[in-house]
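Here are my notes on the model, point by point. Please read them with the coordinates open.

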Amino acid sequence: MRNFQGEARKVTTEEIDAVAAHLDIEPAAFRAVITVEAAGSGFDAKGRPKALFERHYFYKHLFDRPVLLARATEAGLAYQAWGMKPYPKGSDAVYDEIQRACEIDDHAALLSTSWGLGQIMGSNFKMAECPSVEVMVEQAMASEANQLRHMGEFIRNANLIRPLRFKDWAAFARGYNGPGYAKNAYDTKLAEAYARLSAKT
């Protein structure tokens, strides 16, 4: 059984600013995404990467394996559409789901979870410039700097630098959070976070 606990090194202000500079994005705009996605921290109280298991992704990744899909569905770990049931509350409850999913299919479970400061889906490991989802998770366990790099590479590969650079929060939210972003007022939260952070500089 995985414990998902690595070195859990915290990121420095200089490392955040360096990634923002690499992307040619205002640091406050970059920090706004971090703030909204992970409340500004990449690890939970036990030093595990902030994570969220997505049951509809698990369904998708097990779809061609009906026996495993049936197990996952019966366990309440997989269903067809996002939002059919609420997320569990608290990191321990989230990791309980991840662990139970890993017992059914470790690889599919990691692919179906979002990780770290940027909450990058495991299935997007290639866009995060990682050779595998397993490597991506190991790197996320090691440091927030790695999580930040995953986030930056995803933003670059998803062609989201321009909307973030110009604070087009709706366009960025659509590309980063999906077409349902407005249901959670994701663009509004980004704008509000940016306003707070830019006021401090």
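1. Lys167 sits in the loop between helix H9 (161-165) and H10. Helices (H or I, at least four residues) and strands (E, at least two) are DSSP runs, numbered from the N terminus. Phi of Lys167 is positive, about 55°, although the residue is not a glycine. Most residues other than glycine have a negative phi. Lys167 is partly exposed, with a relative accessible area of 27%. Here buried means under 20% relative accessible area, exposed over 50%, and partly exposed in between (1.4 Å probe, protein chains only).

2. On the basis of these notes: this is a predicted model, where local features need pLDDT of at least 70, side-chain atom pairs count only at pLDDT 80 or more, and totals for chains, interfaces and linings use all residues. Residues are numbered from 1 along each chain as its sequence is written, and side-chain values use heavy atoms, with hydrogens and water left out.

3. Ala8 also has a positive phi, near 55°, in a residue other than glycine. Ala8 lies in the segment before H1. Its relative accessibility is 21%, so Ala8 counts as partly exposed.

4. Arg2 is found in the segment before helix H1 (13-23). At 25% relative accessibility, Arg2 is partly exposed. Arg2 and Gln99 are 97 residues apart in sequence, yet 7.3 Å apart in space, C-alpha to C-alpha. Leaving aside neighbours within four places in sequence, Arg2 is in contact (heavy atoms within 4.5 Å) with residues including Gln99, Cys102, Glu134 and Glu138.

5. How many disulfides does a search of the whole structure find? The search finds zero; a disulfide is a pair of cysteine sulfur atoms within 2.5 Å. The sulfur of Cys102 is 17 Å from the closest cysteine sulfur, in Cys130, and so too far for a bond. Cys102 is buried at 12% relative accessibility. Cys130 is buried too, with a relative accessible area of 5%.

6. His150 belongs to helix H8 (residues 144-157). His150 is buried, with a relative accessible area of 2%. Beyond its neighbours within four places in sequence, His150 is in contact with Ile120, Ala128, Cys130, Met136, Gln139 and Ala140.

7. Helix H7 (residues 133-142) has Val133, Met136, Val137, Ala140, Met141 and Ala142 buried. The buried residues of H7 pack against helix H6 (106-111), E2, E3 and H8.

8. Three strands form an open sheet, in the order E1-E2-E3, with antiparallel pairing. Its edge strands are E1 and E3, each pairing on one side only. Two strands pair if DSSP finds at least two bridges between them. Three bridges join E1 to strand E2 (residues 113-115). Ala51 stands opposite Trp115 in E2.

9. The largest pocket holds about 940 Å³ of space. Its lining has 31 residues, and Glu37, Leu52, Glu54, Tyr87 and Asn177 lie nearest its centre. Elements that give two or more residues to this lining include helix H2 (27-38), strand E1 (51-53) and helix H10 (169-177). On a 1 Å grid over the protein atoms alone, a pocket is an open set of points where a 1.4 Å probe fits, with protein on both sides within 12 Å along at least five of seven lines; lining residues have an atom within 4 Å of a point. Grid points are joined across faces, edges and corners, and a volume is the space filled by probe spheres set on the points.
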